[in-house]
Amino acid sequence: MPRAAVLSIHARVQNATPNVWEDDSFVQVWGPRFSTYVIPAEDVAVFTLGRLPDDPKRQAEFQAVADKLERFLDGRRMTLSEAGHALGVHPSSLRYGGPTGRILIRWEGARSPVLWTVPAPDVDPFEARLELARRYLHVFGPGTAAAFEVWAGIRSPRGKAAFEALKRELVAVTTPLGESWILASDEASLRGPADEPAPARLLPSGDTFYLLQGKDRELLVPDAKRRAELWTSRVWPGAVLVEGEIAGIWRRAGPTVTIETWRRLSQPEREAVEREAESFPLPDIDRPIRVSWQD
């Protein structure tokens, strides 16, 4: 969502501002499990049509939701709640129109999102899914078709069909979790030396770095107790990254950032974490960030 998007961008891009997510190069859509995602505007087809069901009947149902909303709004913008009640349907049901690529939203993290309709992307849904699979492997790889389906929120065998269609672009690899795949175009970079990690980064809840499921989590956090602390059954905390490794979790309440460490940090490491917290580009803070340590 927007606030998390700001911090994810801040962790990767210098001089990110509190309103970076409002740049015209970004839009918001409903993604897997109907969560709100900030994505590049040019990638709407990838992250919407790429998740559209193959079944013609289901496709027609999703398109019917978008049709109904488009006729009602007639170029207007309205909150999800207002539109749903005016149409006599549960507001949440309008989210089924999201995978058509015809509905964009704006949600600031509170109240009901504002939504409007746009022309459908001129992209074949299967081609969009292939590109979605490429994005998944580029960011999360090595990966499998099953893991791709979970990440994308799509049902089998859609992921398997995408991997099969991409076979000439893939390279089989062996990992501690078994056989997986990477993009052939990524092989050279994966074999090369790793970039120097940042001294510290505070990744927000749901950041791509640890947006993992199942056994993939074991590779990132081997300790089962620590995994339970990071991937909770409710809202996830943020992850404290020190020299490229997760060294704890963090939460924020107003101007106070609470850090819970998983190991003893050196003084330079603690100072790096504090500098990172103090640099947060947050719009609702009218005083300096204060770091509270829980070792």
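**Backbone exceptions and helix packing**

In this predicted model, Asn15 is exposed, with a relative accessible area of 72%. Asn15 lies in the loop between helix 1 and strand 1. Its phi is near 65°, a positive value in a residue that is not glycine. Asp74 also has a positive phi, of about 50°, and is not a glycine. This residue sits in the loop between helix 3 and strand 3 (78-79). Asp74 is exposed, with a relative accessible area of 65%. Most residues other than glycine have a negative phi, and most peptide bonds are trans.

Two cis peptide bonds were examined next. The bond from Gly141 to Pro142 is cis, with omega near 5°. Pro142 belongs to the loop between helix 5 (125-140) and helix 6 (145-152). Ser156 and Pro157 are joined by a cis peptide bond, with omega about 10°. Pro157 falls in the loop between helix 6 and helix 7 (158-165).

Helix 1 (residues 2-10) is mostly covered, with eight of its nine residues buried. The buried residues are Pro2, Ala4, Ala5, Val6, Leu7, Ser8, Ile9 and His10. Their cover includes strand 1 (26-30), strand 2 (36-40), strand 10 (245-253) and helix 11 (267-278).

Helix 3 (residues 56-73) packs against another helix. Its axis and that of helix 4 (residues 80-87) come within 11 Å and cross at roughly 95°. Helix 3 is therefore roughly perpendicular to helix 4. Lys68, Leu69 and Phe72 of helix 3 meet Ala83, Ala86 and Leu87 of helix 4. The residues of this contact comprise five nonpolar, no polar and one charged.

Conventions. Residues are numbered from 1 along each chain as its sequence is written. This is a predicted model: local features need pLDDT of at least 70, side-chain atom pairs count only at pLDDT 80 or more; totals for chains, interfaces and linings use all residues. Side-chain values use heavy atoms; hydrogens and water are left out. Buried means under 20% relative accessible area, exposed over 50%, partly exposed in between (1.4 Å probe, protein chains only). Helices (H or I, at least four residues) and strands (E, at least two) are DSSP runs, numbered from the N terminus. Contact means heavy atoms within 4.5 Å. Axes are lines fitted to C-alpha atoms, for helices over the stretch in contact, and angles run from 0 to 180 degrees between N-to-C directions. Angles under 35 degrees count as roughly parallel, over 145 as roughly antiparallel, 65 to 115 as roughly perpendicular and the rest as oblique. Ala, Val, Leu, Ile, Met, Phe, Trp, Tyr, Cys and Pro count as nonpolar, Asp, Glu, Lys and Arg as charged, and the others, Gly among them, as polar.
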